[in-house]
Amino acid sequence: MAPTLPRTVRAVDTRQLLDLEREAATCGFSQRLPVDWLQGHLAAEATHYLFPTLVHRLRHRPDVSPQWRCQLLLNVSTGEQIWGLLDILPDTFDKIPETLDAAFKKDIVSRIGQAMTQREWAERMVAEGVHKEMPRN
């Protein structure tokens, strides 16, 4: 039986998020951001948040199915919070400690719903001449 999608939010630091993104790249997941781009734009000492919202099944790749598609709230170098997506294996997600109380989790989900997308933020930074464009996958 497939694991049930947890209705929770987990917090990770920048190093942990980069490791999760590397795992997603190694697995060939479709929802992830380039690690090099993240290293250049995430706030180094920040906390980022993952909120699983969808069970993603790949019948053609049972070795990495199911995945949990997580919404991300990323803290970037400009001090802003932006929204992204990350596919993650259930076992990997389960290893992230539960550290947030219910009220804070609710606040994070609300902020995710109001945040600018990673793409919008990256395009704005390029237009303002602050950062280089994100490479295409």
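Leaving aside neighbours within four places in sequence, Thr-8 is in contact (heavy atoms within 4.5 Å) with Leu-50, Phe-51, Pro-52, Phe-93, Glu-98 and Lys-105. The model is predicted, so that local features need pLDDT of at least 70 and side-chain atom pairs count only at pLDDT 80 or more, whereas totals for chains, interfaces and linings use all residues. Residues are numbered from 1 along each chain as its sequence is written, and side-chain values use heavy atoms, with hydrogens and water left out.

Thr-8 is found in the segment before strand E1; strands (E, at least two residues) and helices (H or I, at least four) are DSSP runs numbered from the N terminus. The relative accessible area of Thr-8 is 7%, and the residue is therefore buried (under 20%; exposed is over 50% and partly exposed in between, with a 1.4 Å probe and protein chains only). Its side chain makes a polar contact of 2.8 Å with the side chain of Glu-98, and another of 2.9 Å joins the side chains of Thr-8 and Lys-105. A polar contact is a pair of N or O atoms within 3.5 Å; within protein, one must be able to donate a hydrogen and the other to accept it, and residues adjacent in sequence count only if both atoms are side-chain atoms.

Within H1, the buried residues are Thr-14, Leu-17, Leu-18, Leu-20, Glu-21, Ala-24 and Cys-27. They pack against strand E1 (10–13), H2, strand E2 (47–56), E3, E4 and helix H3 (90–94). Asp-13 caps the N-terminal end of H1, with a side-chain oxygen 3.2 Å from the backbone nitrogen of Arg-15. Just after the helix, Gly-28 takes a positive phi of about 75°.

Glu-23 also lies in H1, but is partly exposed, with a relative accessible area of 28%. Not counting residues up to four places away in sequence, Glu-23 touches Leu-89 and Thr-92.
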